[in-house]
Amino acid sequence: MASPGVAAHLAFMTRTRWDSIWLGPNLATFDSNLPGPWGEIADGALAIDGDRIVWLGPVSELPGAPEALAERVRHAHGTWITPGLIDCHTHLVHGGDRIGEWVARLGGRDYDDIAREGGGIMQTVGQTRAASDEELLAGAVSRLTDLARDGVTTVEVKSGYDLTAAGEIRMLDVAHAAGRLAKVQVQGTLLGLHALPAEFEHHRADYVDLVAREMIPAARARGRARQVDAFVEGFAFSAEECERVFEAARVAELGLRVHADQRSDSGGAALAGRWCAASADHLERTSPAGVRAMAEGGCVAVLLPGAYLTLRDDHPPPVQAFRDAGVPFAVATDLNPGSSPVRSLRAAGSLACSLFGLHPSESLAGMTREAARVLGLADRGRLAVGLRADLAVWDVERPEELLYWIGGSPLRDRVVGGVVDERERA
Ligand SMILES: [Zn+2]
């Protein structure tokens, strides 16, 4: 790789002073060209100009005195800076809650039975359709703000709780508005194939057609979705139904995601592999053939331990098989009212270690570099010259500590597009 010093010199020659420089932190770059599990630079410096990272490297290689190089010098000795965390799988726009269902499940009710009887996701669909724009927005801002307070700078938000063309677009509009208010970058995903709405109970093919012919073009035209997701499960949709929708997504040049093999091996991972989807998510019951298909299709395995924990599942995803096949991991909250009421990405990362056996470096890479890959965002997820200056500055002695604690937050500062979010400094 080019020496950081050379990059620095080039950047410095084109401009007299950068906007700011963070002086003294340890940098966990997640740059696979740098050594160690974190791509670590000890006693580092990181310079920002506009919304971009323009220099990083050891303090000793800075091309001048910090005060001469930047308008503002921020002292961060003893901290760790990571890329801003990226939550690549959430359903955080919704009406109501499912606390009653949660209590019923604690009393022995089965999640799949509740879904088949019209509860579960369909309960949230009813509550979301009944909610005003203001109610949806307030809930989404509250949940996004909690994620942000824990170092998250980019969040993927799925539709899927309205299941009409206009309502799905409304959900995505709310997600983007909430992102602006909470100072979080939001990327929308259309999840029309989340559940079959009651009004289509005897017309399944017509609903799949509605998603393919109306929802996808509408989401595309409005610029509200970059990806299309589908829930492949016995009580949701078959792989064949998803393929009809994926064909339309491909025409619209939208990426593909799959909720795969969570409750049964329904062929979701194999579908994701066949279609070279960006990811298959959940994967508790993925077969060896599904793992192979994902490897061949270049899919990322998105692990969602919050749902595994909340549903008291006892069948973890085949993590070692994914490692052996070279399939990378991402980790996300799956923040949703039914199966994963998890409002901290660090907590999800911690659970991925404790429940699924990920190494902390795999888990943190899954909340940064690999999560960016899932979302198709090449401009973030690592610390490198030219990428967005989305950072989290942490009061921790080493990166493992970010996942060691459950609860609390060692976040000192959050930087979004080069701007320090002053709320965290209060
Ligand atoms: Zn989900």
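1. Tyr111 is buried, having a relative accessible area of 8%, where buried means under 20% relative accessible area, exposed over 50% and partly exposed in between, with a 1.4 Å probe and protein chains only. This is a predicted model, in which local features need pLDDT of at least 70 and side-chain atom pairs count only at pLDDT 80 or more, while totals for chains, interfaces and linings use all residues. Residues are numbered from 1 along each chain as its sequence is written, and side-chain values use heavy atoms, with hydrogens and water left out.

2. Rings of Phe, Tyr and Trp (its six-membered ring) pair if their centres lie within 6.5 Å, and planes under 30 degrees apart count as stacked, over 60 as edge-to-face and the rest as tilted; by this rule there are nine aromatic pairs. The ring centres of Tyr111 and Phe235 are 6.4 Å apart with the planes at 70 degrees, so this pair is edge-to-face. Because Tyr111 lies in helix α4 and Phe235 in the loop between β11 (227-231) and α9 (239-251), the pair ties together parts that are 124 residues apart in sequence; helices (H or I, at least four residues) and strands (E, at least two) are DSSP runs, numbered from the N terminus. Phe235 counts as partly exposed, at 21% relative accessibility, and ring pairs link Tyr111, Phe231 and Phe235 into a cluster.

3. Asp112 is also placed in helix α4 (residues 111-116), and at 12% relative accessibility Asp112 counts as buried. Its side chain and that of Arg263 are joined by a polar contact of 2.9 Å, that is, a pair of N or O atoms within 3.5 Å, of which, within protein, one must be able to donate a hydrogen and the other to accept it, and residues adjacent in sequence count only if both atoms are side-chain atoms.

4. The zinc ion is coordinated by His89 (NE2), His91 (NE2), His259 (NE2) and Asp334 (OD), at 2.0 to 2.6 Å; donors are N, O and S atoms within 2.8 Å of the metal (3.2 Å for Na, K and Ca), and sites may look incomplete, since water is not among the atoms. Because His89 lies in the loop between β8 (85-87) and α3 (99-106) and His259 in strand β12 (residues 255-260), this pair ties together parts that are 170 residues apart in sequence. Both His89 and His259 are buried.

5. An open sheet of six strands runs in the order β3-β2-β7-β16-β17-β18, with mixed pairing, where two strands pair if DSSP finds at least two bridges between them.
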